[in-house]
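Keep the structure open while you read.

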Amino acid sequence: MNQSKNNLKRFYALFFLAALSLAGGLSYYASSSPDGLEKVAEDEGFLESAEDSAVSNSPLADYGLVGLDNERLSVGIAGVVGVLATAVIALALFALIKKRS
Amino acid sequence: MHIPDGFIDIPTSAAFGTLALAGTSIALKKAKSEVDDRTAPMAGLTAVFIFAVQMLNFPVAAGTSGHLLGGALAMVLVGPYAASLAITVVLGVQALLFADGGLTALGLNVFNLSVIAVLVSFLVFKLMVKLLPKAKSAIPLAAGIAAFVSVPVSASAFTLQYAIGGNGTAPVETVFIAMLTTHLLIGIGEAVITMLTVSAILASRSDLVFGWSRKEVSLEIRS
(Lines give C-alpha, C1' and ligand atoms only; values in the text may rest on other atoms or scores of the structure.)
Protein backbone atom coordinates (compact mmCIF):
# COMPACT_ATOMS: atom_id res chain seq x y z
CA MET A 1 0.00 0.00 0.00
CA ASN A 2 2.71 2.37 1.08
CA GLN A 3 4.81 1.44 -1.89
CA SER A 4 2.01 2.13 -4.33
CA LYS A 5 1.60 5.54 -2.72
CA ASN A 6 5.28 6.24 -3.24
CA ASN A 7 5.03 5.06 -6.82
CA LEU A 8 2.16 7.45 -7.37
CA LYS A 9 4.19 10.34 -6.01
CA ARG A 10 7.10 9.35 -8.20
CA PHE A 11 4.86 9.15 -11.25
CA TYR A 12 3.45 12.63 -10.61
CA ALA A 13 6.95 14.01 -10.07
CA LEU A 14 8.12 12.53 -13.38
CA PHE A 15 5.05 13.79 -15.22
CA PHE A 16 5.71 17.29 -13.88
CA LEU A 17 9.42 17.12 -14.75
CA ALA A 18 8.56 15.99 -18.28
CA ALA A 19 6.36 19.07 -18.73
CA LEU A 20 8.99 21.32 -17.18
CA SER A 21 11.74 20.11 -19.52
CA LEU A 22 9.52 20.30 -22.61
CA ALA A 23 8.48 23.89 -21.84
CA GLY A 24 11.82 25.00 -20.45
CA GLY A 25 14.16 23.22 -22.86
CA LEU A 26 12.68 21.64 -25.96
CA SER A 27 10.46 24.66 -26.70
CA TYR A 28 13.50 26.45 -28.13
CA TYR A 29 13.45 24.00 -31.04
CA ALA A 30 9.74 24.49 -31.83
CA SER A 31 8.80 25.64 -35.33
CA SER A 32 8.47 29.40 -35.54
CA SER A 33 6.25 29.27 -38.64
CA PRO A 34 2.74 30.71 -38.19
CA ASP A 35 0.27 28.15 -36.87
CA GLY A 36 -2.68 26.87 -38.91
CA LEU A 37 -5.09 29.68 -38.04
CA GLU A 38 -2.48 32.42 -38.47
CA LYS A 39 -1.42 31.03 -41.86
CA VAL A 40 -5.02 30.84 -43.08
CA ALA A 41 -5.62 34.40 -41.85
CA GLU A 42 -2.52 35.54 -43.74
CA ASP A 43 -3.48 33.70 -46.96
CA GLU A 44 -7.11 34.81 -46.84
CA GLY A 45 -6.24 38.40 -46.03
CA PHE A 46 -7.77 38.80 -42.58
CA LEU A 47 -4.58 38.74 -40.52
CA GLU A 48 -4.62 42.55 -40.41
CA SER A 49 -7.94 42.46 -38.57
CA ALA A 50 -6.05 41.13 -35.52
CA GLU A 51 -5.70 43.62 -32.69
CA ASP A 52 -3.15 43.64 -29.91
CA SER A 53 -4.44 42.00 -26.79
CA ALA A 54 -4.77 44.27 -23.75
CA VAL A 55 -1.87 42.36 -22.21
CA SER A 56 0.35 42.46 -25.31
CA ASN A 57 2.94 44.43 -23.33
CA SER A 58 3.17 41.68 -20.72
CA PRO A 59 6.84 40.99 -19.88
CA LEU A 60 6.28 37.45 -21.15
CA ALA A 61 4.26 38.25 -24.29
CA ASP A 62 4.81 35.77 -27.12
CA TYR A 63 6.74 33.39 -24.87
CA GLY A 64 9.86 35.44 -24.32
CA LEU A 65 11.15 37.46 -21.41
CA VAL A 66 11.21 41.13 -22.39
CA GLY A 67 14.71 42.61 -22.68
CA LEU A 68 16.48 39.24 -22.73
CA ASP A 69 18.43 38.73 -25.97
CA ASN A 70 19.41 35.13 -25.36
CA GLU A 71 16.61 33.40 -27.26
CA ARG A 72 17.14 30.02 -25.62
CA LEU A 73 17.06 31.48 -22.11
CA SER A 74 14.18 33.80 -22.94
CA VAL A 75 11.79 31.12 -24.20
CA GLY A 76 13.01 28.71 -21.51
CA ILE A 77 12.17 31.13 -18.72
CA ALA A 78 8.77 31.83 -20.30
CA GLY A 79 8.14 28.08 -20.44
CA VAL A 80 9.11 27.50 -16.81
CA VAL A 81 6.98 30.43 -15.59
CA GLY A 82 4.03 29.13 -17.64
CA VAL A 83 4.42 25.61 -16.24
CA LEU A 84 4.57 26.92 -12.67
CA ALA A 85 1.58 29.26 -13.15
CA THR A 86 -0.49 26.50 -14.74
CA ALA A 87 0.51 24.08 -11.98
CA VAL A 88 -0.47 26.44 -9.15
CA ILE A 89 -3.85 27.30 -10.67
CA ALA A 90 -4.79 23.84 -11.97
CA LEU A 91 -3.67 21.90 -8.88
CA ALA A 92 -5.52 24.34 -6.61
CA LEU A 93 -8.65 24.16 -8.76
CA PHE A 94 -8.80 20.36 -8.74
CA ALA A 95 -7.96 20.20 -5.03
CA LEU A 96 -10.97 22.47 -4.41
CA ILE A 97 -13.23 20.38 -6.67
CA LYS A 98 -12.12 17.23 -4.86
CA LYS A 99 -12.84 18.81 -1.47
CA ARG A 100 -16.40 19.66 -2.41
CA SER A 101 -17.15 16.10 -3.45
CA MET B 1 -5.17 27.74 -32.98
CA HIS B 2 -5.61 30.60 -30.53
CA ILE B 3 -7.84 33.33 -31.92
CA PRO B 4 -6.41 36.81 -31.33
CA ASP B 5 -8.61 39.83 -30.63
CA GLY B 6 -10.10 41.44 -33.71
CA PHE B 7 -10.70 38.41 -35.96
CA ILE B 8 -14.26 38.05 -34.70
CA ASP B 9 -16.51 40.97 -33.74
CA ILE B 10 -17.44 41.73 -30.13
CA PRO B 11 -21.14 40.65 -30.19
CA THR B 12 -20.18 37.24 -31.60
CA SER B 13 -17.31 36.93 -29.13
CA ALA B 14 -19.70 37.78 -26.30
CA ALA B 15 -22.26 35.23 -27.49
CA PHE B 16 -19.68 32.45 -27.64
CA GLY B 17 -18.29 33.68 -24.33
CA THR B 18 -21.69 33.03 -22.80
CA LEU B 19 -21.75 29.51 -24.27
CA ALA B 20 -18.21 28.92 -23.01
CA LEU B 21 -19.22 30.09 -19.54
CA ALA B 22 -22.21 27.73 -19.56
CA GLY B 23 -19.93 24.85 -20.59
CA THR B 24 -17.43 25.70 -17.89
CA SER B 25 -20.11 25.87 -15.17
CA ILE B 26 -21.40 22.45 -16.17
CA ALA B 27 -17.85 21.09 -16.12
CA LEU B 28 -17.27 22.61 -12.67
CA LYS B 29 -20.35 20.83 -11.32
CA LYS B 30 -19.68 17.48 -12.96
CA ALA B 31 -15.91 17.23 -12.56
CA LYS B 32 -16.50 16.12 -8.95
CA SER B 33 -17.35 12.65 -10.23
CA GLU B 34 -14.02 12.43 -12.03
CA VAL B 35 -11.50 13.59 -9.44
CA ASP B 36 -10.72 12.01 -6.09
CA ASP B 37 -7.75 12.11 -3.72
CA ARG B 38 -5.69 9.99 -6.05
CA THR B 39 -6.55 11.59 -9.40
CA ALA B 40 -6.89 15.29 -8.51
CA PRO B 41 -3.13 15.86 -9.02
CA MET B 42 -3.38 13.97 -12.32
CA ALA B 43 -5.97 16.47 -13.58
CA GLY B 44 -3.80 19.42 -12.53
CA LEU B 45 -0.65 17.96 -14.04
CA THR B 46 -2.48 17.14 -17.26
CA ALA B 47 -3.14 20.87 -17.64
CA VAL B 48 0.57 21.54 -16.99
CA PHE B 49 1.65 18.93 -19.54
CA ILE B 50 -0.70 20.34 -22.19
CA PHE B 51 0.56 23.87 -21.58
CA ALA B 52 4.11 22.59 -22.14
CA VAL B 53 3.34 20.58 -25.28
CA GLN B 54 1.36 23.47 -26.77
CA MET B 55 4.65 25.40 -26.88
CA LEU B 56 6.10 22.77 -29.22
CA ASN B 57 4.93 23.85 -32.65
CA PHE B 58 5.67 21.24 -35.29
CA PRO B 59 5.96 22.00 -39.03
CA VAL B 60 3.06 20.68 -41.12
CA ALA B 61 3.39 22.22 -44.59
CA ALA B 62 5.32 24.98 -46.31
CA GLY B 63 5.54 27.83 -43.83
CA THR B 64 2.87 26.44 -41.52
CA SER B 65 3.09 24.91 -38.08
CA GLY B 66 0.67 23.28 -35.72
CA HIS B 67 0.58 22.44 -32.06
CA LEU B 68 -1.31 20.10 -29.80
CA LEU B 69 -4.76 21.27 -28.73
CA GLY B 70 -4.94 18.57 -26.09
CA GLY B 71 -8.71 18.11 -25.81
CA ALA B 72 -8.60 14.40 -26.63
CA LEU B 73 -5.46 13.75 -24.58
CA ALA B 74 -6.90 15.40 -21.48
CA MET B 75 -10.28 13.72 -21.97
CA VAL B 76 -8.77 10.23 -22.12
CA LEU B 77 -6.49 10.89 -19.14
CA VAL B 78 -8.86 12.59 -16.70
CA GLY B 79 -12.41 12.47 -18.09
CA PRO B 80 -14.34 15.01 -20.15
CA TYR B 81 -15.36 17.49 -17.45
CA ALA B 82 -11.97 17.70 -15.74
CA ALA B 83 -10.38 17.86 -19.21
CA SER B 84 -12.51 20.84 -20.17
CA LEU B 85 -11.48 22.68 -16.99
CA ALA B 86 -7.81 21.77 -17.49
CA ILE B 87 -7.79 23.21 -21.02
CA THR B 88 -9.59 26.34 -19.82
CA VAL B 89 -6.87 26.93 -17.21
CA VAL B 90 -4.23 26.56 -19.97
CA LEU B 91 -6.08 29.03 -22.23
CA GLY B 92 -6.41 31.50 -19.36
CA VAL B 93 -2.70 31.38 -18.51
CA GLN B 94 -1.76 31.73 -22.20
CA ALA B 95 -4.07 34.70 -22.76
CA LEU B 96 -3.16 36.54 -19.55
CA LEU B 97 0.57 35.90 -19.21
CA PHE B 98 1.71 35.36 -22.78
CA ALA B 99 -0.82 37.35 -24.85
CA ASP B 100 -1.38 34.10 -26.77
CA GLY B 101 -5.03 34.29 -27.80
CA GLY B 102 -6.96 37.49 -27.27
CA LEU B 103 -8.80 38.57 -24.14
CA THR B 104 -12.11 39.41 -25.81
CA ALA B 105 -11.51 36.23 -27.85
CA LEU B 106 -11.06 34.06 -24.75
CA GLY B 107 -14.67 32.86 -24.87
CA LEU B 108 -14.26 31.88 -28.53
CA ASN B 109 -11.12 29.90 -27.71
CA VAL B 110 -12.66 28.23 -24.66
CA PHE B 111 -15.69 27.27 -26.75
CA ASN B 112 -13.57 25.76 -29.54
CA LEU B 113 -10.86 24.08 -27.49
CA SER B 114 -12.32 23.35 -24.04
CA VAL B 115 -15.89 22.60 -25.04
CA ILE B 116 -16.08 21.46 -28.69
CA ALA B 117 -12.72 19.64 -28.91
CA VAL B 118 -13.35 17.78 -25.64
CA LEU B 119 -16.96 16.93 -26.51
CA VAL B 120 -16.07 15.62 -29.97
CA SER B 121 -13.14 13.67 -28.55
CA PHE B 122 -15.40 12.10 -25.96
CA LEU B 123 -17.97 10.99 -28.54
CA VAL B 124 -15.40 9.64 -31.00
CA PHE B 125 -13.42 7.90 -28.24
CA LYS B 126 -16.54 6.17 -26.92
CA LEU B 127 -17.49 5.06 -30.42
CA MET B 128 -13.99 3.70 -31.03
CA VAL B 129 -13.91 1.86 -27.70
CA LYS B 130 -17.17 0.22 -28.74
CA LEU B 131 -15.89 -0.75 -32.20
CA LEU B 132 -12.32 -1.75 -31.40
CA PRO B 133 -11.34 -4.92 -29.51
CA LYS B 134 -11.83 -4.61 -25.76
CA ALA B 135 -8.12 -4.54 -25.03
CA LYS B 136 -5.80 -2.12 -23.33
CA SER B 137 -3.81 -1.86 -26.54
CA ALA B 138 -6.86 -0.39 -28.31
CA ILE B 139 -7.04 2.63 -25.99
CA PRO B 140 -4.16 4.64 -27.56
CA LEU B 141 -5.61 4.04 -31.03
CA ALA B 142 -9.08 5.14 -29.92
CA ALA B 143 -7.49 8.21 -28.31
CA GLY B 144 -5.50 8.96 -31.47
CA ILE B 145 -8.56 8.78 -33.72
CA ALA B 146 -10.49 11.02 -31.32
CA ALA B 147 -7.57 13.47 -31.35
CA PHE B 148 -7.38 13.46 -35.14
CA VAL B 149 -11.10 14.22 -35.54
CA SER B 150 -11.14 16.90 -32.83
CA VAL B 151 -8.76 19.25 -34.66
CA PRO B 152 -10.64 19.84 -37.96
CA VAL B 153 -13.90 20.02 -35.97
CA SER B 154 -12.46 22.75 -33.70
CA ALA B 155 -11.13 24.51 -36.79
CA SER B 156 -14.63 24.40 -38.26
CA ALA B 157 -16.00 25.91 -35.05
CA PHE B 158 -13.72 28.86 -35.77
CA THR B 159 -15.13 29.01 -39.31
CA LEU B 160 -18.62 29.12 -37.84
CA GLN B 161 -17.59 32.07 -35.65
CA TYR B 162 -16.02 33.72 -38.70
CA ALA B 163 -19.22 33.18 -40.68
CA ILE B 164 -21.28 34.85 -37.95
CA GLY B 165 -19.01 37.72 -36.98
CA GLY B 166 -15.73 37.64 -38.87
CA ASN B 167 -14.09 41.02 -39.48
CA GLY B 168 -12.30 39.75 -42.61
CA THR B 169 -13.60 39.99 -46.15
CA ALA B 170 -12.60 36.51 -47.40
CA PRO B 171 -15.64 34.39 -48.32
CA VAL B 172 -16.70 31.85 -45.68
CA GLU B 173 -16.35 28.89 -48.10
CA THR B 174 -12.71 29.75 -48.79
CA VAL B 175 -11.93 30.11 -45.10
CA PHE B 176 -13.78 26.85 -44.38
CA ILE B 177 -11.75 24.87 -46.90
CA ALA B 178 -8.43 26.45 -45.92
CA MET B 179 -9.06 25.86 -42.19
CA LEU B 180 -10.21 22.29 -42.82
CA THR B 181 -7.30 21.20 -45.02
CA THR B 182 -4.64 22.82 -42.83
CA HIS B 183 -6.11 21.32 -39.67
CA LEU B 184 -6.49 17.85 -41.15
CA LEU B 185 -2.69 17.90 -41.37
CA ILE B 186 -2.31 19.29 -37.85
CA GLY B 187 -4.74 16.58 -36.72
CA ILE B 188 -2.18 13.93 -37.69
CA GLY B 189 0.34 15.53 -35.30
CA GLU B 190 -2.35 15.75 -32.63
CA ALA B 191 -3.08 12.03 -33.08
CA VAL B 192 0.59 11.02 -32.87
CA ILE B 193 1.30 13.06 -29.71
CA THR B 194 -1.92 11.82 -28.09
CA MET B 195 -1.20 8.16 -28.92
CA LEU B 196 2.38 8.33 -27.65
CA THR B 197 1.42 10.05 -24.39
CA VAL B 198 -1.54 7.78 -23.67
CA SER B 199 0.59 4.69 -24.45
CA ALA B 200 3.36 5.80 -22.12
CA ILE B 201 1.00 6.52 -19.22
CA LEU B 202 -1.01 3.33 -19.82
CA ALA B 203 2.23 1.36 -19.64
CA SER B 204 3.33 2.88 -16.34
CA ARG B 205 0.09 3.74 -14.50
CA SER B 206 -2.96 2.45 -16.35
CA ASP B 207 -5.02 3.08 -13.19
CA LEU B 208 -4.59 6.82 -13.81
CA VAL B 209 -5.99 6.70 -17.36
CA PHE B 210 -9.68 7.60 -17.13
CA GLY B 211 -10.50 6.17 -20.56
CA TRP B 212 -9.21 2.75 -19.51
CA SER B 213 -9.85 2.47 -15.80
CA ARG B 214 -13.35 3.96 -15.70
CA LYS B 215 -15.23 1.42 -17.73
CA GLU B 216 -18.59 2.41 -16.34
CA VAL B 217 -18.41 5.51 -18.52
CA SER B 218 -18.67 3.41 -21.65
CA LEU B 219 -21.70 1.64 -20.21
CA GLU B 220 -23.28 4.95 -19.30
CA ILE B 221 -23.02 6.30 -22.81
CA ARG B 222 -24.48 3.16 -24.38
CA SER B 223 -27.78 3.42 -22.55
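The second largest cavity holds about 30 Å³ of space, and keep in mind that this is a predicted model. Its lining is made up of His2(B), Leu91(B), Gln94(B), Ala95(B), Asp100(B), Gly101(B), Gly102(B), Leu106(B) and Asn109(B). Two helices of chain B, α4 and α5 (106-131), each supply at least two residues of that lining. The biggest giver is α4(B), with three residues. Sorted by class, the lining of the second largest cavity comes out as three nonpolar, five polar and one charged.

How many cavities of 30 Å³ or more does the structure hold? There are two. The largest cavity has a volume of about 40 Å³, and residues from both chains line it: Asp35(A) and Gly36(A) on one side of the list, then Met1(B), Ser65(B), Gly66(B), His67(B), Leu69(B), His183(B) and Ile186(B). In chain B, β2 (64-66) and α7 (172-205) are the elements that give two or more residues to this lining. By class, the lining of the largest cavity divides into three nonpolar, five polar and one charged.

Then there's the largest pocket, with about 980 Å³ of space. It is lined by 37 residues, and those nearest its centre are Glu38(A), Asp62(A), Tyr63(A), Ala99(B) and Asp100(B). Helices α2 and α3 of chain A, together with α4 (80-98) of chain B, are the elements that give two or more residues to the pocket lining.

| Space | Volume | Lining by class |
|---|---|---|
| Largest pocket | about 980 Å³ | 14 nonpolar, 15 polar, eight charged |
| Largest cavity | about 40 Å³ | three nonpolar, five polar, one charged |
| Second largest cavity | about 30 Å³ | three nonpolar, five polar, one charged |

Now for a single residue. Ser31(A) sits in the loop between α1 (2-24) and α2 of chain A. Is Ser31(A) buried or exposed? Its relative accessible area is 19%, and buried means under 20%, so Ser31(A) counts as buried. The side chain of Ser31(A) reaches the backbone nitrogen of Ser33(A) at 3.2 Å. Leaving out residues up to four places away in sequence, Ser31(A) touches Asn57(B), Phe58(B), Pro59(B) and Ser65(B). Ser65(B) also turns up in the lining of the largest cavity.

On to the rings. Over all chains, the structure holds twelve aromatic pairs. One of them joins Phe46(A) and Tyr162(B): the ring centres are 4.9 Å apart and the planes stand at 40°, so the pair is tilted. This pair crosses between chains, going from Phe46(A), in the loop between α2 (36-43) and α3 (71-100) of chain A, to Tyr162(B), in helix α6 (residues 138-165) of chain B. Both Phe46(A) and Tyr162(B) are buried.

Which ring does Tyr162(B) also pair with, at 6.2 Å centre to centre? That is Phe158(B), in a tilted pair with 40° between the planes. Phe158(B) and Tyr162(B) both lie in helix α6 of chain B, four residues apart, which is about one turn of the helix. Phe158(B) is buried, with a relative accessible area of 1%, and Tyr162(B) is buried too, at 4%.

Elsewhere, Phe11(A), Tyr12(A), Phe15(A) and Phe49(B) form one aromatic cluster.

Conventions: Residues numbered from 1 in each chain as written. Chains lettered and ligands numbered in written order. Predicted model: local features only at pLDDT ≥ 70, side-chain atom pairs only at ≥ 80, totals over all residues. Heavy atoms only, no water. Phe/Tyr/Trp six-rings, centres within 6.5 Å; stacked < 30°, edge-to-face > 60°. Buried < 20%, exposed > 50% of the residue type's maximum accessible area, 1.4 Å probe, protein only. 1 Å grid on protein atoms, 1.4 Å probe; cavity = no way out; pocket = protein on both sides within 12 Å on 5 of 7 lines; lining within 4 Å. Points joined across faces, edges and corners; volume = space filled by probe spheres on them. Nonpolar A, V, L, I, M, F, W, Y, C, P; charged D, E, K, R; others polar. Polar contact = N/O pair within 3.5 Å; in protein donor to acceptor, adjacent residues only side chain to side chain. Contact = heavy atoms within 4.5 Å.
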